[in-house]
Each structure stands twice: as structure tokens, then as C-alpha cells.
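Please examine the sequence and the structure shown below.

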Amino acid sequence: MEVEMQAAVMKNTVAGFAETDVGAGRVMGSAAEMGIMVAEGDCEWGGCGRRRRRSGALNGNATGGDAVSDSAWQLGGKEWCCGVSGDGGRDCAAEAASRAVAENALPGFPAPLGYVDFFRQCSSYSNEETQALLKWKASLHNQNHSSLLSWTLYPNNFTNSSTHLGTEASPCKWYGISCNHAGSVIRINLTESGLGGTLQAFSFSSFPNLAYVDVCINNLSGPIPPQIGLLSKLKYLDLSTNQFSGGIPPEIGLLTNLEVLHLVQNQLNGSIPHEIGQLSSLYELALYTNQLEGSIPASLGNLSNLASLYLYENQLSDSIPPEMGNLTNLVEIYSDTNNLTGPIPSTFGNLKRLTVLYLFNNRLSGHIPPEIGNLKSLQGLSLYGNNLSGPIPVSLCNLKSLVDLELSENQLNGSIPTSLVGCARNGHKQLFGSLPEGICQGGSLVRFTVSDNHLSGPIPKSLKNCRNLTRALFQGNQLTGNISEVVGDSPNLEYIDLSYNRFHGELSHNWGRCPQLQRLEIAGNNITGSIPEDFGISTNLALLDLSSNHLVGEIPKKLGSVTSLWKLILNDNQLSGNIPPELGSLSDLGYLDLSANRLNGSIPEHLGDCLGLNYLNLSNNKLSHRIPVQLGKLNHLSQLDLSHNLLTGGIPPQIQGSHSHSNAFRNATIEVLKGNKDLCGNVKGLQPCKYASGVDQQPVKKSHKKRENSRNRKKVRKGGHGSVYKAELPSSNIVAVKKLHPSDTEMANQKDFLNEIRALTEIKHRNMVKLLGFCSHPRHMFLVYEYLERGSLATILSREEAKKLGWATRYEAHISDFGTAKLLKLDSSIRAYLQHIRISCTSFGVIALEVIKGRHPGDQILSLSVSPEKDNIALEDMLDPRLPPLTPQDEEKVIAIIKLATACLNANPQSRPTMQIVSQMLSQRK
């Protein structure tokens, strides 16, 4: 029934709330929709004999408080008192409203309705919406996810207790659900709620008042149902970062109240429906990172309120419709990385509010329209990677707000307009002349690129103190001048490339004082002098390329303190002296090229500590002595060149044999080793090695012998270096005997092998499996350990037997096979291995979490390493669910170990504790 009513203005001051004004209005349906404002306050009960004041204000709705209380409702300028019990305020409100109508207290309200319960009419919303939500929940793959636990009806034996907090027959207090005063759902926000399933079972028609829907960052899939067009009041829709597929339904054009539409990062295909042009209220449209194709509909030109348009990373084609020039409220256009063709519309000159225009990586052609110069608010213009031709318009000089201009990889020609703030490189080398002096006018320049052109002359002095500059790329020109005068006070500079120009002079100490500098490339110039020690100050430096210059002197030792360094390129200079062993501290180093210099001495064994190294070129120097066996630790090394040096001796079999983890050494050819006349080894083109005889085979202590036919032997495991047997000795003692693979026995140098045995047998630690002895024979080598009945921790944790391993038992795990791999590497020592263990605690962190979780932590390692400082890890998510709950004492210990393990997984190596600190902290908790 539709009712029209004029309600007098009512002002109700309630304890703890401000005044509320309600004016006349057209209403329909429930009392709340009729504009009736209700507020609890003081009520003088006629027959109750008591006076009470309850604070609170409810507009068109009420909830019960105490089991028995009272309320006053002001309707039509008069208080209406009622008792509250059971279902609470809703019954009271209904009673008050009914009495007010019956006594004609609401002028213009039809009295024949009598005692109609207006507030109970609201339940027609909640009942249908409740059932619709529960039906959709039941269709989801993970309907029992913690986010949806509150989505349930009250149990039959419901009591008003805290255990049922957040659950109610009405969905208004469910997680992610909000209602209006009438109790109807107006908002659904389930962002990052772990939802899986589809929207097929979602009854859109059941939500007449729904205005906000956000289910982004979930695992929802399937098509977007066309019934979504029934949400006539919808203003905000975000289905981003899911797995929705199929096309965008044309029915979405029925959502004429829609203001924000986000469908990004899905698998949507097909074309953009022209019906989107009917969304006259839309001010933000985001469809990027899908598989949309076809043209941009000209109907988008009807979206007069549109401020942000994101269409990038799709497969859109054809030309940009000139009707887009009608969108005078546009602030941002991101239509890059598509297949758009044709010219840039000159109508874009009408977009006076535009701050960002990104059209790069398309197939646009024609000239850059001079009308672009009308966009006085433009800050970012990126047109690179197209087929644009002709000169750079002089009108671009009018863009005083511009901080990022990228025109590279086009077919532009002519000179750069004078006083143009920011410019671009051109992939066809057609820009000539010098750079304008006012290149950093006003100090607003942030990014500047003119690479690969025919530019000449010096870099303008104004650039030297361009404080906001973060990136400057000048490579591949004919620029001249003293390299020390290029940059001065540039506190925000992150990346500069001056390579392959004609700069001269010496490197300035100021380079080391750019605190944000991450990439410095000055290759292929005429730079002389030495490398300043101050380069070590740039702690953020990730890439340093000084190759192909005339640098002399030694490589600064301080470079070893730049732990962020990933790529170091110093080849083709005249550097001399030894390679600093401090470079071994660069744990993140992946690329090292020191070739074509005058370096001498031996290859530092510490380079073997650069475990991430995948490219190593030391060729064309004067390096001597043997190849250090420690290089065999470089498991990721894929490219290697040691040619044309003075290296001697044999290639260590540990780093070249079939068991080597280094592909570069295992697959080495004569090309990467030639030019070392005294180098020998098993590589075609190298001379074979002649090994000396007479190896000391004297054991360091009496060993337990094992015969091949010894009784009661049982093979229990096969490892990377040998097979492990359970054996019973004549004394009835049970031991573990590892028989090394024959190939490993051939690799081991007996003298060093015995030295390592001596060190291992002297180590005593309660959590290390004790090495009892060994047996050395020309044909076989055996290691004898104490026998542990349960076997390896990883194996037990993967079985049901893990239930028997309580928390106390799990922290009595032992390390076995300690040092076996080191025994087979000639120049290693147990002390160096222990030193490595002290330096890195990453392994401890992983193992500790595996013990606690009962399985490998997997991808959780990444999230913990990126944000270890966040104390938001649920303890229950970290524990082995197969074990009983923790006691308070065990919980305290486990939490402490989790925090230590997390600290050891920090992405920043400098933020990780040493194992010495970890050991001390664990000892303090005993």
C-alpha cells in the first residue's frame, strides 16, 4: 500500500545523541519509510509506577536491551510508552505506532489502518533477504569459511548470551552485511573473504535496496549473471580480482544509479557493451587486466560524470572514438597495453581536467595532436611504443604541470622544442640538437628519458640540483661534458643511465651520497681515475655498471658492504690488484663481470658464498692458482667464463662431477676455460691431470668395522651421498652405517677427509647425531653414527605417527649427516661450515615452522618474510592440527619460537638475527 503523509518536524534530544530533524516527505510501506522518527527517552508510565531513562536513538528500528524495561516513542509530537520484553524494541515500536495511528496522532495518516504493525512490515525485507543470502552461502565451495560463520539463524534454544553475538535472524548483524533503518540490506562487503563459487545462486531480485556490493579479491568464478541488472539502486559494484569469465552482460546498463564499476583482473572476454553508455551517474570505470576485445564503444562519450577510466591490459582494437572528448570531467585515462590503432583524437584537447593520459604500447599512428597542449593540468603523458610520427608539438611546452613525458619507441623526428619540461627517447634515433637549458624548470621534473637519439652537447646545469628527479635516462646519444658535473644535490635519484655517450673526467664522490640511488650506469664513456670508496655509502645500490671506460686502481673493498647489490659490471677497464674477498658478503649478487682487466692473485674462495650468482665472468685477467672448490656451492650458476688467465691445477671433481649441482661447471666447455696453460681436467681440449699417489689412510680413532655380510643389517634410507643401514655389532649395539657412493669416494681427498673426520668426532652437541667412527678402504668408505630409532623428522611428520610426537618431543630433534657433503669438498673445513650456520638463520626459521605446523610452511614463508613486523598471525594457523591443544606453558614457548623463526625469515638479511643470538634467546627460555 502506498501512503502519503505530512509529518510535523520532530526534534528529539536523546542522551548521548545529537538532535535529529525530520521533515515532511512522501513515504510508502513500513513506518520507517514513512519518515516516522522514533527515539527512546524519559517515559512516565501510567500504570507501571516507575520512571526510567534509557540512552539510545533508533530511527525506524529498535532493539531490546534488558529483559524487562520501558521505552518512549515520539510520534506526531507525543510520547507513546510501552513495555519492552522478549523480542525487545520492535514490539514496543509496533505498539506505539499502532496506538498513535488509532488515536489520530498522525495528521493525514489513514486511521483505518488501526493497529497495523508498521515495524513488523520491515520483516518482509529481512525474511526474503535472509533466505536469499543463506541460499547463496550454501552454493559456495567453502560455505564454512570463518568469514561466513555469522551467516546463520538463531538456534531454537537461543538465549541472549554472548556466545551468539553477531548472529541473528535478521542478516543486519552478519559479517559484511549492512542494513538501512527499515532492516533491509543495503550493503554487502566481502572483500578478501576467501569465497569460492559463483553468483548463479545469488537472488538479485531479493534485494530491492542494495546499493553497495564489494566481493573483490576472492575466488569467485563463472559468468556475471544478467540478473545483476535488477539491482536498480546499486551505486557501487566491485567484482575485481576473481576468476569471472564470459562477457560483461548488457543488462549492466540498467544500473542507472551506478557510480563505481570495478571488474578488473578477471578473465572477462568479448566486447565492452555499448549499454555501459547508459550509466549516466558513473564516475569511475575500471575494466583493466582482462581479455576484452573489440572497439571502445562510442557511447562512453555519454558518461558526462566520468572522472577515471581504466581500460589497460586488454586486447581492445580499432580507433579511439572522438566522442571521448565529451568527457570533460575526466581526470585519468589509462588505455595502454592494448591493440588500439588510428590517431589520437584531437578532441582530447577538451579534457581540461585531465592529469594522466597513458596510451603507450598500442598501435596508434599519425601526429601527436597539438591540442594536447591545452591540457594545463596534465602531469603524466605516456605515448611510447606506438607508430606516432612527425615532430613533437611545440604546444607541449604549455604543459607546466607535466612531470612524466614518455614518447620513446615511435617514429618521431625533428628537434626537441626549447624549454620543454621533460622529453622522451625515440627508438629510431631521429632527435637531434642539444637539451634545453630549462630542463628542470621549477624543480618539478621527476622522470626524464632521451635515450637512443642523436642528441649532443652537455647536460644542462639545471639538472644538477633537480631535487625531485627520480629517473634520468640519457644513454645512447653523443652527450659530452665532465661526468663529475652531471649530478649534485639529488636526494631522490633512484636510476640514472649515462652509458654510451662521450662523457669524460673522473667519478665524483657525490655519487655515493645519493641515498636513494639503486641503478647507476655509466658504461662506454671516457671516464678515467679510480672507483671512489664512497660508492660503498649507497646502501640501496642494486646495479652498478662502469664497464668499457678507462678506470684504474683496485676494486674498492667497501663494495662488499653494499649488500643490496645484485649486478656488478666492471669489465673492460684497467683495474688491477686482487679481487676483494669482501665481495663474498654480497649474498644477493646474481651477476658479476670483472673480465678484461688486469686483476691478479687467486679467485677468492669467498665468492662461493654468493649463492644467488647466476653469471660469473672473470676472463682475460691475470688470475692464478687453483679454482677454489667453494665455487661448487654456486648451484644457480648458469654462465661461467674463466678463460685467458693463469689458472693452474685440476678442476675440482666436486664441482665438475656428475654429482655437482653447478650446471655451469658440470657442462663447462673448452671455450670458458681455454687460455690457462697449466689448467687440467676432464674437459675436451684440456690436458688430463696426473694425480700423485700415496694417500694417508690412517684413521684418527678406532672405528667400528662393518662387513658386507654382517648379521642383522637392514637398509633404512638412501641419501644423496650414500645408503644408510641399521646394523647390529657383535657387542649388540645398534648403529647407523652410511656407505658412501663409489663416485663420492673417488672425489674425496683422503688427507682432507681425515681432517674433517677428526673435527666431526670432536664435536659434542646434544642435538647432533654423534659420529662414532669410520672405515676407509680403497674400494669403500663408511661412516658410523649413533642410531636413532624414529628416523627422519620430515618422514615422521608426513605420517599419522606424527600424533605421537608431542611438543616436547619435537624439540628434541637431532641433526644427522652433518658435514657429509663438506667431507667430499676438498678445501672446506668444519669451522667454515659452522661459521656459515652462524651467519644465516633462514634454515632454522623454515625448520622450526615445519616442526610446529607438522608440514613445510610453503608460501607462508613469503608473506612472513615481507611483513615480519606485523603481529597478525593467528596461532591456530601455525599449529599442527593433529596435536592436542597447547598448555599455557607450551603456548608461551611455541609463540616465542614462532617469533624467532619469523625474524629469521626477514627479507632483509641485515634484519635477521645471527644463530648465536637465536641460541642465546632459546637458552634463556629453558
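In this predicted model, a polar atom of the Gln687 side chain lies 2.9 Å from the backbone oxygen of Lys677. Lys677 is one of several residues that Gln687 touches; when residues up to four places away in sequence are not counted, the others are Asp678, Leu679, Cys680 and Gly681. Gln687 itself is located in the loop between β50 and β51, the latter spanning residues 714-718. Its relative accessible area is 41%, so Gln687 is classed as partly exposed. The chain also brings Gln687 towards Gly650: the two are 37 residues apart along the chain, while their C-alpha atoms are separated by 9.4 Å.

Strands of a sheet pair through backbone hydrogen bonds, in either a parallel or an antiparallel manner. Here, six strands form an open sheet in the order β41-β43-β45-β47-β49-β50, and their pairing is parallel. The strands β41 (552-553) and β50 (678-680) stand at the edges with a single partner each, so one side of each has no neighbour in the sheet. The parallel pairing of β50 with β49, residues 646-650, extends over three bridges. Within this region, Gly649 is placed opposite Leu679 of β50.

Attention may now turn to the nonpolar cores. The largest comprises 76 residues, among which Leu261 and Phe348 touch the most other members. Helix α3 (123-139) and strand β10 (185-189) are the elements that each give two or more residues to this core; α3 provides the largest share, three residues. A second, separate core of 72 residues includes Leu498, Leu570, Leu592 and Leu640.

Terms used:
Residues numbered from 1 in each chain as written. Predicted model: local features only at pLDDT ≥ 70, side-chain atom pairs only at ≥ 80, totals over all residues. Heavy atoms only, no water. Pairing = 2+ DSSP bridges. Helix = DSSP H or I, 4+ residues; strand = E, 2+ residues; numbered from the N terminus. Buried < 20%, exposed > 50% of the residue type's maximum accessible area, 1.4 Å probe, protein only. Contact = heavy atoms within 4.5 Å. Polar contact = N/O pair within 3.5 Å; in protein donor to acceptor, adjacent residues only side chain to side chain. Core = buried A, V, L, I, M, F, W, Y, C linked by side-chain atoms within 4.5 Å.
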